[in-house]
Structure formats: structure tokens, C-alpha cells
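Here's a quick walk through the ligand site and the aromatic pairs. Have a look at the sequence and the structure before reading on.

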Amino acid sequence: MIIVLKQGTTKDQISALSNELNQQYNVTVNAWYGEHSTVLGLLGDTAKIDIEYIQAQSIVESVKRVQEPYKKANRKFHPDNTVIKVGRNTIGDGSLTLIAGPCSVESSEQMEIISGRVKKAGAGILRGGAFKPRTSPYAFQGLRAEGLYLLLEAKRKSGLPIITEIMSPSHLPLFEDVDIIQVGARNMQNFELLKELGHCNKPILLKRGLANTIEETLMSAEYIMASGNENVILCERGIRTYETYTRNTLDISAVPVFKKLSHLPVVVDPSHAAGIPWLVEPLSLAAVAAGADGLIIEVHNNPEKALSDGAQSLTPDTFDQVAAHVTQLTEAMGRKVNNWGVAE
Ligand code: PEP
Ligand code: MN
């Protein structure tokens, strides 16, 4: 349920109403203070609340029941965009953030070459997987703790904030200096992991599951937010359809739909969606045109020798071109790219 308050309502009046609702109906009241109005979002069993009684209060403008099962992620609860700060990047404020790097962290030299090149091309955040969710147990599983160490070394040397995937809550202590924690598509509904991530205060990039709906994705974001961490970034990375030409099918409509339904920032991963390097540029441009707040792109200095996802990785030279074209489009839309790497 959401209650829109009249302009000029004082903090004392808000807390009196919030306390009354909390005590009488055992609901949690979240206040969102906007420029022109204040919205109270009620969480819990609101079925027993008498709408007419609330409507009759002098400070109340309107009352609505929220049908959607996700509340904290719902734009109706929080009309303004959530803006997440990562290093010098702001994600969700209309600007575009480029995240780039290899699928897997493989060596110190590899990370040094790639971080230097993607930073120069305008990436604001470095990606690299240390714990890898592979379909085959015989495939490279990532360098794990050693990979995280190498990624942190690349962060120190390049100055770029880093993002990497977590697969188990027991690994959380290793992620202390990681800037954004990624939840991969396969773990989108690992609810114990989501609850645990809700107790840390780091931004979480939540990838949409291979066969999950938009609402299921928002419910997974809700798990993290309900446990206390509201810094969630949604990521569309392609879903499984009957099409086999591409690795997945990029659901471009998910971008404006997520933004309509939720206040959370949206990042698109064209690499895992396409599975083919030449498709990364057109899908990136489509994502920007559709309103994505960021792109996460796989880049490898030697894709043929990559230990995972080489077939979809861009070379640093190709990434230069993609970043340049994406920047042109972003600027033509009157938006800016958080390319502080270039300005350094
Ligand atoms: C990845 O980012 O390398 C990855 C495994 O992504 P996804 O979870 O989207 O498959
Ligand atoms: Mn990958």
C-alpha cells in the first residue's frame, strides 16, 4: 500500500501516522521524501488496513494498494531513480557506465594488459570472474581466491573499481575490497545467497536468470532489498528462447520495462546475450537507445586462448571501436559517459 501525503506535511505528522500504522497493523512504514511530495510505503500484511480511514486523515492526499508483489524495488514506492556511486561512476542518474574486462581472471599480465586498454577506451569499471559458474564440472572453474587477489591487484594498479561474481555466501569475506558483487544468471534465485547479500552494504549487480521473467527478477532484487541492501543494479543478459543462432536472446524490452516498474538502475550484458563478438556493438547501441544505465562487456587480449567465453570476447581494439560508437550515441542522446578512465 502507498500513501501519498499532502505538500507541507511535517516530519512530526509523518512519524505520528507511521507509528500509528506500525502499532495498529504491525506494518513497516518506509518514507520517501521527494521534491514535491512524500510517499509512505507500507510493507507487511496490509489487507486489514481500512483505506477510508487513512484517506480521511488531513495530511493524506491519496492511498493506493500496490498489486505487484515487489515493494522496495517498485517505482511506486520510490518515484526517483536510485543512483549508485561506484568510484567516480554514478549509475542510474542518466549517465552511461562502461564495465569491461575478461570473463575470467587468468593471470597478472592478462589483467594488466586488459585493464590498461579498457580504461583507455573509457571503461569506468573493470570486470573479471574469479569464481566461475560453468555448465561442465570439467571446465575451468576460475582461479577462485587467487583470481580475486589478481583482480584486486589490477584495481590497485589501474585505479578502476572492480566487479566480480560471488557463488557462495561463505566466500563473502574474500569480497571485502570488491566494489560491486555480481550475482550470476544461474544464482538469481539462490535465495540464501540473496538474503546474505542483503546484509552487506555493497552494490549488487543482479543478473536475470536464463529462464526467468521480469517479475521474478524484481522479486530476487526484493530479497536483497528486504534484507537491508537497497543498492541493487538489474542486469539483462539475454534469456533462453527457441532461437539458437545467438547464445541467448537479448530481451531489449526488459530495459524500459524494468525502468518503468522499478527505480533500480539497469545494465545490459550484450556479450552473454549474443555469444558472438560482432553482435556486441549493435546490441550495445540498442541497449543505450532503450535507456540502459550501463553495459558490461567481455574483453580479452587473446580471445582464442581465453580460458572461458573466448568465442564472445572482444579484442581491446574492437572494444575501442564499440566504446567510441556507444559514446557517440550516448552523447547524441544528451547523456554523458562516465569515462573518467580517458580523462586520467
Ligand atoms: C559472466 O558474467 O561471466 C557470467 C557467467 O554471466 P551470466 O551469469 O550472465 O551467464
Ligand atoms: Mn562469461
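## Contacts to the ligand

Keep in mind that this is a predicted model. Start with Arg186: an N or O atom in its side chain lies 2.9 Å from an oxygen atom of ligand 1.

## The pocket and its shell

Ligand 1 sits in the largest pocket. Around ligand 1 there are 13 residues, and the closest are Arg127, Lys132, Ala185, Lys207 and Arg237. Sort the shell by type and you get seven charged residues, three polar and three nonpolar.

## Aromatic pairs

The count of aromatic pairs comes to two. One of them is Phe131 with Phe175, a stacked pair with 6.2 Å centre to centre and 25 degrees between the planes.

Phe131 belongs to the loop between β8 (125-127) and α4 (145-158), while Phe175 is in the loop between β9 (162-166) and β10 (180-183), so this pair ties together parts 44 residues apart in sequence.

Methods: Residues are numbered from 1 along each chain as its sequence is written. Chains are lettered from A and ligands numbered from 1 in the order in which they are written. This is a predicted model: local features need pLDDT of at least 70, side-chain atom pairs count only at pLDDT 80 or more; totals for chains, interfaces and linings use all residues. Side-chain values use heavy atoms; hydrogens and water are left out. A residue is near a molecule or strand if one of its heavy atoms lies within 4 Å of it. A polar contact is a pair of N or O atoms within 3.5 Å; within protein, one must be able to donate a hydrogen and the other to accept it, and residues adjacent in sequence count only if both atoms are side-chain atoms. On a 1 Å grid over the protein atoms alone, a cavity is a set of points where a 1.4 Å probe fits but cannot get out, and a pocket is an open set with protein on both sides within 12 Å along at least five of seven lines; lining residues have an atom within 4 Å of a point. A molecule sits in a cavity or pocket if more than half of its atoms lie within 2 Å of its grid points. Ala, Val, Leu, Ile, Met, Phe, Trp, Tyr, Cys and Pro count as nonpolar, Asp, Glu, Lys and Arg as charged, and the others, Gly among them, as polar. Rings of Phe, Tyr and Trp (its six-membered ring) pair if their centres lie within 6.5 Å; planes under 30 degrees apart count as stacked, over 60 as edge-to-face and the rest as tilted. Helices (H or I, at least four residues) and strands (E, at least two) are DSSP runs, numbered from the N terminus.
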